[in-house]
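Let's take a friendly walk through a protein model, one region at a time. Keep the 3D view open beside you as you read.

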Amino acid sequence: MSRTVYVNGEYLPEEDAKVSVFDRGFLFADGVYEVTSVLGGKLLDFAGHAKRLERSLSELDMVAPVDMDALLDIHRELVRLNDLDEGMIYLQITRGADRDRDFVFPDPEKVPATIVLFTQAKALADSPAAKTGIKVIGIEDLRWGRRDIKTVQLLYPSMGKMMAKAAGVDDAWLIEDGHVTEGTSNNAYIVKGARIITRHLGNEILHGITRAAVLRFAREAQMQVEERAFSIEEAKAADEAFITSASTFVMPVVEIDGVALGDGAPGPVATQLREIYLDESRKSAV
Ligand code: PDD
């Protein structure tokens, strides 16, 4: 059965869901996105994703084509139409399709934004990778300087995943000026003694919605959190490590550049935080 996709105000079978070849998302990667997870047919942290989306749009002088209440309705309607129990909703907004290819932004009064949403069914909570943990390599961070804006320029992260695959591992951590920024599509953490260490917020990383929730839960559980830069060497000497994102929640990392962390199995802090995150997020899902 084909999925129902939302495109510019219409719910359409995926075969009929189309955007213009002049769309600036296609020509210039001139667009932003969000990925919101769904558990038990409900949205996790929708308010956080909506807030970050508004910020991404405003940083790029883009106008939201719908308000955030309408956006919640569209998310819910897609869950219903596609009978989605567990997985993600992908949302993309671009600066629309101008009449020609032009580097200059079109007038938003004349060229409306393009908005597309679709569902992706996937088992997220009961992930086999969460039981074994994942392996990562460090690679140079060659992305642009505004990683705090969630744009669709994902070629380098995609190349990073391919480098990881070629090295026989699951993902890559990006390194800039000797310090880990984040994973290709997730935030990165190490644990040393009783401390959880993760890169501080800034333009260098995406301000993860899962990151914000997990750090809040960690502090509430009296865990010590340090938001600061760390090197890949420090990471390799850590007791444990993990990543967070809307699609992986809290995912243990058990090996960095071929060096096993601790006993090479998911660590207790990552395991506990995954449980807390799942429990709390289910409770507040909408
Ligand atoms: N990626 N950092 C980067 C570079 C990301 O692409 C993501 C999310 C995160 C985690 O953010 P959040 O916790 O809000 O999902 C951090 C999404 C899941 C993706 O591109 O599919």
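What follows covers a sheet, a cavity, a pocket and a ligand in turn. Please keep in mind that this is a predicted model.

## The sheet

Strands of a sheet pair through backbone hydrogen bonds, and they can do so in a parallel or an antiparallel way. Here, six strands make an open sheet, and their order is 2-1-6-5-3-4 with antiparallel pairing. Strand 2 (10–13) and strand 4 (42–43) are the edge strands, and each has a single partner strand, so one side of each has no neighbour in the sheet.

Strand 1 and strand 2 are joined in the antiparallel sense by four bridges, and Thr 4 faces Pro 13 in strand 2. Strand 1 (residues 4–7) also pairs with strand 6 (residues 114–121), again antiparallel, over two bridges. In that region you can find Val 7 opposite Val 116 of strand 6. Moving on, strand 5 (residues 87–94) runs antiparallel to strand 6, and eight bridges join them. Leu 91 is placed opposite Leu 117 in strand 6.

## A cavity inside

How can empty space be found in a model? Rolling a probe the size of a water molecule over the atoms shows where such space is left. In this structure there is one cavity of 30 Å³ or more, and the largest cavity has a volume of about 30 Å³. Its lining is made up of Glu 34, Thr 36, Phe 46, His 49, Ala 50, Leu 53, Leu 71, His 75 and Leu 91. Strand 3 (31–39), helix 2 (46–59) and helix 3 (68–81) are the elements that each give two or more residues to this lining. Helix 2 gives the most, with four residues. Sorted by class, the lining residues of the largest cavity are five nonpolar, three polar and one charged.

## The largest pocket

The largest pocket has a volume of about 1,100 Å³. It is lined by 50 residues, and those closest to its centre are Tyr 33, Lys 150, Thr 184, Ser 185 and Asn 186. Several elements each supply at least two lining residues, including strand 3, helix 2, strand 5 and strand 9 (179–183). Which element has the largest share of the lining of the largest pocket? Helix 5 does, with five residues. By class, this lining holds 21 nonpolar, 17 polar and 12 charged residues.

## The ligand

Next, look at the ligand. There are 19 residues around it, and the nearest are Tyr 33, Glu 182, Ile 209, Thr 210 and Ala 246. Tyr 33 is also among the residues closest to the centre of the largest pocket.

| Protein atom | Ligand atom | Distance |
|---|---|---|
| Ser 185, polar backbone atom | nitrogen | 3.3 Å |
| Ile 209, polar backbone atom | oxygen | 2.8 Å |
| Thr 210, polar side-chain atom | oxygen | 2.5 Å |

How much of the ligand does the protein bury? The ligand exposes 470 Å² when taken alone, and the protein buries 89% of that.

Notes: Residues numbered from 1 in each chain as written. Predicted model: local features only at pLDDT ≥ 70, side-chain atom pairs only at ≥ 80, totals over all residues. Heavy atoms only, no water. 1 Å grid on protein atoms, 1.4 Å probe; cavity = no way out; pocket = protein on both sides within 12 Å on 5 of 7 lines; lining within 4 Å. Points joined across faces, edges and corners; volume = space filled by probe spheres on them. Nonpolar A, V, L, I, M, F, W, Y, C, P; charged D, E, K, R; others polar. Pairing = 2+ DSSP bridges. Near = heavy atom within 4 Å. Polar contact = N/O pair within 3.5 Å; in protein donor to acceptor, adjacent residues only side chain to side chain. Areas by Shrake-Rupley, 256 points an atom, 1.4 Å probe, with all protein chains shown as cover.
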